[in-house]
Amino acid sequence: MKLNPFCMCCAVNKQEEKIRKFPDMDKKTEYMKKVMSILSNAEEQDCSPSLSVEIKKLYSEFWNCPAEDYTEIKKEFNQLMLDVEASVEEKIRISADPLETALLYARIGNYIDFAALENVSQETMLKLLENENHEPLGQEEYANFQKDLSRAKSLVYLTDNCGEIVLDKLAIKILKEKYPQLDITVIVRGYPVVNDATMEDAEEIGLTDIVKVIGNGSNVGGTWFPGLSNEARTLLEQADVILAKGQGNFETMNDCGLNVYYLFLCKCDLFQRRFHAKELQGMFLNEHRLQMEMV
């Protein structure tokens, strides 16, 4: 998804809010000029998540502040989801369509996003799991997804956040059972990015015990092709089907031309306007058909 005025303004506003605690107004003005310089000098391949890496580096160096550490938060939400994993799996397996149900739960887990949401709480996550799993995927796109999987040999599953990755694990279990011919590879972030899932999270919640998992070699909050390792890029380019979780993956992959199914919750005004959706409404979209709609 190309850089756009909305995301540029959002980035500027977030940085202004972030530096309000500092007293030196002249220094804050200098900092904001540097932020706007990063945005104004963005290259064609840049997007909001890729530029966010540059802005975070600038913030840390300019204000002599260490990068935000989400280590404990990630452990808390991984454990929260591990605590409910067995009960959620039971609900999935007794449902009329375990695959759809598993994907719905995996989509609800996309709520655990400290980059996009101001307030993320364990209580809200548990409430969403209990009460909000009723919105279907969209039967036409879900049918297309199943048809593609039945003919596919390879599936790449792109994760997004900590905690959420436990629900991804349940979806992958069902995918492996329903489509045993599929060679499934999971790709996580290569380096820590806010509360995004990395290899450490995949190992902690037992995902590496059931499927091949690799890091993408990047510290961008999504799947930004210029920053990917050769291994990750090759896997994606050769995959028959890609399932991409989260807004960050949509922002970095939209227009890539691959057979990507995006599964996420709408968490900002831009996405809500683009898809005529309410806050936290679930999306299940295919890259090819999105492009055809725009033609």
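**Exercise 1. Sequence separation of contacts**

Find what share of the chain's contacts between residues at least 6 apart in sequence join residues at least 24 apart.

*Solution.* The model is predicted. Take contacts between residues at least 6 apart in sequence. Of these, 71% join residues at least 24 apart. The chain that makes them has 13 helices and 6 strands.

**Exercise 2. Overall dimensions**

*Solution.* Next, take the box along the principal axes: the C-alpha atoms fill roughly 60 × 45 × 35 Å. Then turn to burial: buried residues make up 54% of the 295. Last, the surface: the accessible area comes to about 14000 Å², and 50% of that belongs to carbon and sulfur atoms.

**Exercise 3. Charges**

Count the positive and negative side chains, and state how far apart the centres of the two sets lie.

*Solution.* There are 33 positive side chains and 49 negative ones. The centres of the two sets are 2 Å apart.

**Exercise 4. Helix α3**

Check the span of α3 (residues 48-63) against 1.5 Å a residue. Then list its buried residues and name elements that cover them.

*Solution.* Helix α3 has 16 residues. The expected span uses one less than that number, so α3 should span 22 Å. Its end C-alpha atoms are 22 Å apart, which agrees. The buried residues are P49, S50, L51, I55, L58, Y59, F62 and W63. Their cover includes α1 (5-18), α2 (25-40) and α11 (247-253). After the helix comes N64, with a positive phi near 55°.

**Exercise 5. Helix α8**

Is α8 mostly covered or mostly uncovered? Compare its reach with the expected one too.

*Solution.* Helix α8 (residues 164-178) has 15 residues. From first C-alpha to last it reaches 21 Å, close to the 21 Å expected. It is mostly covered, with 11 of the 15 residues buried. Among them are V166, L167, L170 and I174, but also the charged E164, D168 and K169.

**Exercise 6. T198**

Locate T198, and decide whether it is buried or exposed.

*Solution.* T198 sits in the loop between β2 (183-188) and α9 (199-204). Its relative accessible area is 7%. The cut-off for buried is under 20%, so T198 is buried. Leaving out residues up to four places away in sequence, T198 touches K74, V188, R189, Y191 and P192. V166 is 32 residues from T198 along the chain, and their C-alpha atoms are separated by 13 Å.

Conventions. Residues numbered from 1 in each chain as written. Predicted model: local features only at pLDDT ≥ 70, side-chain atom pairs only at ≥ 80, totals over all residues. Heavy atoms only, no water. Helix = DSSP H or I, 4+ residues; strand = E, 2+ residues; numbered from the N terminus. Buried < 20%, exposed > 50% of the residue type's maximum accessible area, 1.4 Å probe, protein only. Contact = heavy atoms within 4.5 Å. Areas by Shrake-Rupley, 256 points an atom, 1.4 Å probe, with all protein chains shown as cover. Charge placed at Lys NZ, Arg CZ, Asp CG, Glu CD.
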